[in-house]
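Colleague: Before I use this model, I would like to know what stands behind each label. Please give the rule with the value each time.

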Amino acid sequence: MTLAITSLFSFSVSASDVTVQKINNLNGNTIKGVDISSVISEEKSGVHYFNEEGKQENIFQILKSNGVNYIRVRVWNNPYTESGNGYGGGNSDLAKAILIGKQASKYGMKLLVDFHYSDFWADPSKQKAPKSWQNLSYDQKQKAVYAYTLDSLQKIKQAGIDVGMVQIGNETNNGIAGTSKWPEMAGIFNSGSAAVRKVDKNILVAVHFTDIQKQGNDKWISNQLHDYNVDYDVFATSYYPYWHGSLSNLTQSLSDVSRTYDKKVMVAETSYPYTYQDGDGFRNTISKDSNVVLDYPVSVQGQATALRDVFQAVANVGSTGLGVFYWEPAWVPVGPKSNLESNRLLWEKFGSGWATKSASEFDKDAEGSAGGSSWDNQALFDFKGKALPSLKTFKYIDTGH
């Protein structure tokens, strides 16, 4: 990798290719997925995407050409204020999910619909119910989850989108839709699952957790799902190499769940930085100051190898290991960090950053997160939207390169 000064951005990446070791036990139907939930807001903010030769191209075509076969998209119920100001994070509502899904289907890729059952980010630290559900009883919330999932999924299917999987919640270790007790969580899971089964029995139902590397987490969570009779097909986990332990532990944990409960398993989110540089003037999640261990070089090659090795870890589970999704590989700067003030205007107007100032009405902690992409140094495109060689990892794992 070489660094060079450019007229627009502080640096660009030049690397002709990457070395990727073939995965010999890869399933022929392996999911090679990406979550590009922010892409509509990115493009509205003026971002363009380019293939590795530097030619501007539809991003879905670029992804398809590089081996991607599945798109994941998050859905928030109502990520807007009463006056219509978006919360950011792509303003990821159902309408955007449909736009993304239609493009995915046009280019022959399946869609994974990731219902957060919230109006903004849902993860282990927060599982806040949507504004319209916050005063509902548990029974009312169950009915709301069913009705919302049913209606949303029907609209997606009516748009001609090839839905292969639906996630009932996002990183739901400690709750879902504002509910944190396991008997009630299980009821919420089953309400969502029942709606999916009603729409199309061939769609896989996934539940999604994280931090399964922590002592006993995988066993405890999968036991709860079993004991409370949750109806699902796929046990999915997030796996970021700098947070979530060893690859061997990932394989072991997923294997235990799959073998014990006869479930399919996958990694729903992963990523790795290719640079420490910041592209847009908004602090990055992983930087030189981050208190994490990075087992791979922070480079395009390091990024490719990290991604390849997560695929290997899932493949090592066996036939029930479905594959991997890379999280937000297209969340690149809307402008260089030298244009910080104009970037802020775009983030606020189109929701192309992590959060807008308006998000604090729903999540008071979001005020400190208002700004741009904290993920631009983990994208699979450079700061100007050009595909990095590491994007080719999705096709190289079949043959080696």
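Colleague: What makes the residues around the second largest cavity its lining?

Modeller: A cavity is a set of points on a 1 Å grid over the protein atoms alone where a 1.4 Å probe fits but cannot get out, and lining residues have an atom within 4 Å of a point. Ile-212, Gln-213, Thr-237, Ser-238, Tyr-239, His-244 and Leu-250 line the second largest cavity. Its volume is about 30 Å³, a volume being the space filled by probe spheres set on the points, which are joined across faces, edges and corners. The model is predicted, so local features need pLDDT of at least 70 and side-chain atom pairs pLDDT 80 or more, while totals for chains, interfaces and linings use all residues. Residues are numbered from 1 along each chain as its sequence is written, and side-chain values use heavy atoms, without hydrogens and water.

Colleague: How many cavities reach 30 Å³ or more?

Modeller: The count is 2. The largest has a volume of about 40 Å³, and its lining includes Leu-26, Phe-311 and Gly-321. Two elements, α8 (300-315) and β10 (321-327), each give two or more residues to that lining. Such elements are DSSP runs numbered from the N terminus: helices are H or I with at least four residues, strands E with at least two.

Colleague: Why is Thr-179 called buried?

Modeller: Buried means under 20% relative accessible area, exposed over 50%, and partly exposed in between, with a 1.4 Å probe and protein chains only. Thr-179 has 5%, so it is buried. It sits in the loop between β6 (163-168) and α5 (182-199). Beyond its neighbours within four places in sequence, Thr-179 is in contact (heavy atoms within 4.5 Å) with Lys-141, Glu-184, Met-185 and Ile-188.

Colleague: Does the rule put Asp-211 among the buried or the exposed residues?

Modeller: Asp-211 is at 19% relative accessibility, so it counts as buried. It lies in the loop between β7 and α6 (217-227), and its phi is near 55°, a positive value in a residue other than glycine. Glu-328 also has a positive phi, near 50°, and at 0% relative accessibility Glu-328 counts as buried.

Colleague: What makes β6 and β7 a pair?

Modeller: Two strands pair if DSSP finds at least two bridges between them. There are 3 bridges between β6 and β7 (residues 204-209), and the two run parallel. In one of these strands, β7, Leu-204 is the bridge partner of Met-165.

Colleague: In what order do the 8 strands close into a barrel?

Modeller: The order is β3-β4-β5-β6-β7-β8-β9-β10, with parallel pairing. From one strand to the next the twist averages 25°.

Conventions: 1 Å grid on protein atoms, 1.4 Å probe; cavity = no way out; pocket = protein on both sides within 12 Å on 5 of 7 lines; lining within 4 Å. Axes fitted to C-alpha atoms, helices over the stretch in contact; angles between N-to-C directions.
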